[in-house]
Amino acid sequence: MSEVDSNIDRHWQRFTLKQKLSRYAVYLSFMIALILSLRTVQVIPEFFYDAPEQIADLFSRMWPISFEFYQISVHDAMIETLNIATLGTLVTLVFAVPLAFMNASNIVDSPWSHWVAKFFLVSSRSINSLVWALLFVAIFGPGVIAGVLAIAFRSVGFIGKLLAEAIEEINMGSVEALRATGAPWGAVLLKGYWPQVKPAFFSIVLFRWDINVRESAVLGLVGAGGIGIVLNNSMNLFEWQQVAMSLIAIFVIVILAEVLVVNIRKHLI
Amino acid sequence: MAELGITPVKDYKNPFPRNWLTTGLWIVVAGYLLYTVQSLGLSWSRFSEGLQHAGTLLDRMFPPNFSRWELLFSGLAESLEIAIISSVVGIFFSLFFGLFAARNLMPNIVSVPMRGFIALCRSFHPIIVAILFVKSVGFGALAGILTLIIASVGFIAKLFAEAIEEISLKQVEAIRATGASFTSVILFSVLPQVFSRFIGFSTYQLDSNLRNSTMVGIVGAGGLGGTLFSAFQRFDYDFVSAILITIIALILFWEFLSNVVRSIFSE
């Protein structure tokens with residue numbers, strides 16, 4: 001009887017002591033990080049109280065929007081931006097597809113190849129597209145070519161990683177059947193892997209294209225072509241009405257690209 | 001052949017017939033490539049000339065120069081400060097904005113303007129938002145913090161609202177049936193269902209804010225990006241490579257740290 005009583009009195013706990021302590025350690029270190037950052041960050045409070053007034057002033061300078069500026073330079077720059085995004089996405093595929101093959105364990109079964117592919121994919125993703133653009137502007141000089149390469153190098157990591165994951169998820173039955181007939185590796189890739197990866201491939205590429213349209217709109221700020229150059233010039237001249245026109249053009253293009261991609265993806269999947 | 005009883009197949013069908021849609025797509029892509037190379041003025045001579053520059057650039061970037069580590073460290077600290085503060089504030093606001101934008105909890109008159117506001121936060125690239133804030137609140141970390149708050153709201157509030165729209169309404173009805181107030185309904189029936197997903201979005205956004213905080217400095221909004229941009233403009237390429245290595249190391253370290261945190265919370 002006494003044994004049963006002691007069992008009933010035991011207190012049930014959801015987490016062990018170690019789990020609790022490690023969770024509290026995470027909360028505590030996060031709070032310390034937050035307090036440290038709030039204490040040391042260099043913010044001038046007067047600027048903060050002033051902000052709403054300044055923002056209102058900025059918008060009042062933007063009005064009325066200079067619509068005639070669209071014909072003068074926004075239109076051509078916008079076409080250039082779209083071309084940079086599209087060409088960059090196409091150039092990416094040249095690098096991303098082989099890296100995805102190297103990274104997919106059901107195509108190349110060697111840890112070395114996975115490490116090499118991972119290294120390129122991770123370094124492509126951890127450097128921002130603007131930083132890639134700075135590098136390529138230093139190499140090729142200001143212009144479209146730097147923008148295209150910046151977009152291409154930034155997208156390699158994204159497309160390569162997602163494509164490799166899509167390849168690893170396929171059903172190996174048809175690949176094994178093709179291999180059993182003695183098909184060469186090209187035919188196995190084209191008729192075994194490709195039909196299963198195709199919908200995922202197009203949806204990944206379209207998704208990245210949508211992101212690239214957004215990114216190529218700002219690359220011009222560091223001199224890599226497109227609408228960003230027009231935006232930067234008007235800002236340096238304090239022509240806020242022209243800035244407003246460029247911003248509206250970017251907004252419209254970004255929304256249109258997103259609507260287009262969402263609709264195509266609906267048909268694909 | 002005939003004595004074996006096998007007759008060769010005459011009209012066999014190609015199992016892989018030509019797909020005209022695919023062929024058409026290839027032709028369109030090839031035509032597009034020709035058109036862009038023409039219209040953007042890309043040429044092989046310019047490209048090969050650039051490759052020579054790339055050689056000298058890489059030569060000057062190596063070995064990386066860490067001698068001005070104090071500058072590097074202060075930029076890094078500012079990036080971290082921007083990332084942490086903006087994530088906390090942005091996540092805090094998104095909690096409310098997400099609730100107000102959920103169509104199954106709020107009347108249209110609240111949710112439609114809220115969704116519009118969130119969509120507006122999402123639609124501009126952080127760099128453009130950063131430019132506008134630099135013009136209105138001046139150079140420095142404040143502009144970066146405000147920019148990344150906007151970016152966090154645009155991302156988390158949208159996903160959080162979608163998560164709330166997917167919850168099971170049975171628990172909400174059960175709590176409502178007890179006569180609970182609106183706050184109790186939110187606290188005891190809605191939040192428990194979506195909280196784990198909210199934590200997931202927040203850790204992702206913290207990661208993304210850290211990456212972006214090393215970039216907003218390019219337009220003057222504080223952090224390591226400003227150091228990087230001025231090093232580029234002074235052609236200090238060995239310092240540039242030191243900064244780039246620091247950024248990559250920071251992001252790899254952060255990914256390691258967030259894996260540790262995730263394993264602690266998934267036990």
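Let's start with one helix pair: α4(A) and α7(A) cross in a right-handed way, where right-handed means that the near helix is turned clockwise from the far one by less than a right angle, and left-handed means anticlockwise. The model is a predicted one, in which local features need pLDDT of at least 70 and side-chain atom pairs count only at pLDDT 80 or more, while totals for chains, interfaces and linings use all residues. Residues are numbered from 1 along each chain as its sequence is written, with chains lettered from A and ligands numbered from 1 in the order in which they are written.

Back to that pair. The axes of α4(A) and α7(A) are 6 Å apart and pack at an angle of about 40°; axes here are lines fitted to C-alpha atoms, for helices over the stretch in contact, with angles running from 0 to 180 degrees between N-to-C directions. That makes α4(A) oblique to α7(A). The cut-offs are simple: under 35 degrees is roughly parallel, over 145 roughly antiparallel, 65 to 115 roughly perpendicular, and the rest oblique. Sorted by class, the contact of α4(A) with α7(A) has 18 nonpolar, seven polar and one charged residue. Nonpolar covers Ala, Val, Leu, Ile, Met, Phe, Trp, Tyr, Cys and Pro, charged covers Asp, Glu, Lys and Arg, and the others, Gly among them, are polar.

Chain A has eleven helices and zero strands, and chain B has ten helices and zero strands. Helices (H or I, at least four residues) and strands (E, at least two) are DSSP runs, numbered from the N terminus. With a radius of gyration of 27 Å, well over the 18 Å that the globule rule gives for 269 residues, chain A is more spread out than a compact globule.

| Chain | Span of the C-alpha trace along its principal axes |
|---|---|
| chain A | about 85 × 65 × 40 Å |
| chain B | about 90 × 70 × 40 Å |

Chain A is assigned domain 1 (12-41) and domain 2 (68-268), with bounds from an automatic or database domain assignment. The C-alpha centres of these two domains lie 39 Å apart.

How do the chains meet? 46 residues of chain A are in contact with 43 residues of chain B, contact meaning that the C-beta atoms, placed from the backbone, lie within 7 Å. On the side of chain A that touches chain B, α2(A) gives the largest share, nine residues. That side divides into 31 nonpolar, ten polar and five charged residues.

Chain B has helix pairs of its own. The axes of α9 (residues 224-233) and α10 (residues 237-266) of chain B come within 9 Å and cross at roughly 155°. That makes α9(B) roughly antiparallel to α10(B), and their crossing is left-handed. Among the residues making the contact are B:L224 and B:F232 of α9(B) and B:F239 and B:I247 of α10(B).

In chain B, the axes of α4 (residues 108-123) and α6 (residues 141-165) come within 8 Å and cross at roughly 125°. That makes α4(B) oblique to α6(B), again in a left-handed crossing.

How values were computed. Two residues are in contact if their C-beta atoms, placed from the backbone, lie within 7 Å. The radius of gyration is taken over C-alpha atoms; the globule rule is 2.2 Å times the number of residues to the power 0.38.
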